[in-house]
Amino acid sequence: MSIIYEVEHLHQPDGWLSPGYVEIDGGVISSVSAQRPDGEITERLRGFGVPGLSNLHSHAFQRALAGRTEFVTTARAEDNLWTWRKEMYRMVDRLTPEAYEAIAAQVYLEMLQFGMTAVCEFHYVHHLAGGAAHANPAEMSDRLISAAMRTGLGMTILPVLYAHGGIGKPLEATQKRFAHSVDAYLKLIETLRGRRAGNSNLRVGVALHSLRAVTPDEVRATLAAMKTIDPQARLHIHVSETTHEVAEVEAGLGARPVQWLIDNVGLSPDWCLVHATHLDNSEIAGLAASGAVAGICPLTEATMGDGFFPLVEYHAAGGAFGIGTDSHYCTSTAEELRMLECGKRLELRRRNVIARPDAAHPEHEVHTGRVLFDAALAGGEQASAQGGGALVAGRRADLVMLDPDSNPLLGHGPQTVLDAWLLSGTQNPVRDVMVAGKWVIRDRHHRQEAAVRDDYRRTMAALAG
Ligand SMILES: [Zn+2]
């Protein structure tokens, strides 16, 4: 039986319907129209209905480290990603499967509260401390899947192939928890593909940790095997996050990392290049032309002091991008997109840097919030393959309702609501969130929020102790 919602203002790929009627059948949108369809209206929804975003890069457990590394000492006076990583590894050494799941559940619940309906989880803590496998080799992956199911968040799980401690370097002690041979890795992929039965919001993709941690032969072997296992699988990799990494790959493989990928793996829209912070002009053009998604994680890149993605040049070249909350200093879409746009304004000393005038319609106002939101929406869907990403027939029914009574949205209509949400205010306007036709947040509350937070509180106390 189908359900029909009348939405006061409904986001569409080419504008808004006010009102819009959405008909949902079995978790999928069966029709959208400006005219009231036959049949009874199940509910009238006040406010602005927008599609749920896919968060394209997450390491859920790193949330436990947020706010714990903001200091210097004589020994770490020059703090950067690599000194931060030492602190991260100290925590990894103490992570249990229970803690992994509890932290993930809290992070996933917050993602829903901020209007994300799916996550790409780039998951590399596979084994016991020391490197021995769990009795269930997929134990840690299963914990993440369980956290996503508990909260109702869609998940594209990306088990990570991690085999070396740097180009030509053995794994460090902590990194043994991350390691697989290509064969063992492919076995894990097969196991996780089996978990999709009974969980229609689960997808399984591939993650290569980086060109530092996986050799060219391992990259080729994995990609060749995936052509048989799942030719449509999404392929993610960390790349060019720091200048140190660019120099190491250039010395070891003879090309800058993104250029190496362009020349050697045949980048396509199936790929998501996470960070891609340091790009030369040829890499900007090549990456944009490939159709791959750049996975920008603005607040993580900012807190790590990595550098700033060349957004304006890349967007002008037609490059696709999406947003990840990565280490989860923050789990808010609005904060991430604000950092991206406003950081560029500071750098370039001008306003509205991503939006460009519409040459065909000189009077048409091109709004920054809309450009940012639509780009992150398309890039997130492309990188996650969740089947959502737009409120149109045939897509998964992932609907986020923004509250017109929240302070930042007061007085705003469809034309400026995304500017108001993403670029102003501190109050979160997300009121209701639906994933695959099911409400998981209503009136700002999730049924599991107290229990999830209790588990998280206990976990954080144990990790701090
Ligand atoms: Zn990452």
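How much area do domain 1 and domain 2 bury between them?

1. Basis of the note. This is a predicted model, in which local features need pLDDT of at least 70 and side-chain atom pairs count only at pLDDT 80 or more, while totals for chains, interfaces and linings use all residues. Residues are numbered from 1 along each chain as its sequence is written, and side-chain values use heavy atoms, with hydrogens and water left out.

2. Domains. The assignment divides the chain into domain 1 (3–51 + 387–449) and domain 2 (53–373); such bounds come from an automatic or database domain assignment. Between the C-alpha centres of domain 1 and domain 2 the distance is 28 Å. Domain 1 contributes 32 residues to the contact and domain 2 contributes 27 residues, where contact means heavy atoms within 4.5 Å.

3. Interface. In reply to the opening question, domain 1 and domain 2 bury about 2,400 Å² between them, and 56% of this area is on carbon and sulfur atoms. Buried area is the accessible area (1.4 Å probe) that two parts lose on being put together, summed over both.

4. Strand β11. Strand β11 (residues 235–239) is largely enclosed by the rest of the structure, because 5 of its 5 residues are buried. Buried means under 20% relative accessible area (1.4 Å probe, protein chains only); strands (E, at least two residues) and helices (H or I, at least four) are DSSP runs, numbered from the N terminus. L235, I237 and V239 lie on one side of β11, and H236 and H238 on the other. In a regular strand the side chains alternate between the two faces of the sheet.

5. Neighbours of β11. Strands pair if DSSP finds at least two bridges between them. Strand β10 (residues 206–208) runs parallel to β11 and is joined to it by 3 bridges, with L208 opposite I237. On pairing with strand β12 (residues 271–275), β11 is again parallel, over 5 bridges, and H236 faces C272.

6. Strand β15. In strand β15 (residues 399–402), L399 and M401 point one way, V400 and L402 point the other way, and all are buried. β15 pairs in the antiparallel sense with strand β5 (residues 43–51) over 4 bridges, where P51 stands opposite L399. Strand β16 (residues 430–435) is also antiparallel to β15, through 4 bridges, and D432 is the bridge partner of M401.

Conventions. Buried means under 20% relative accessible area, exposed over 50%, partly exposed in between (1.4 Å probe, protein chains only).
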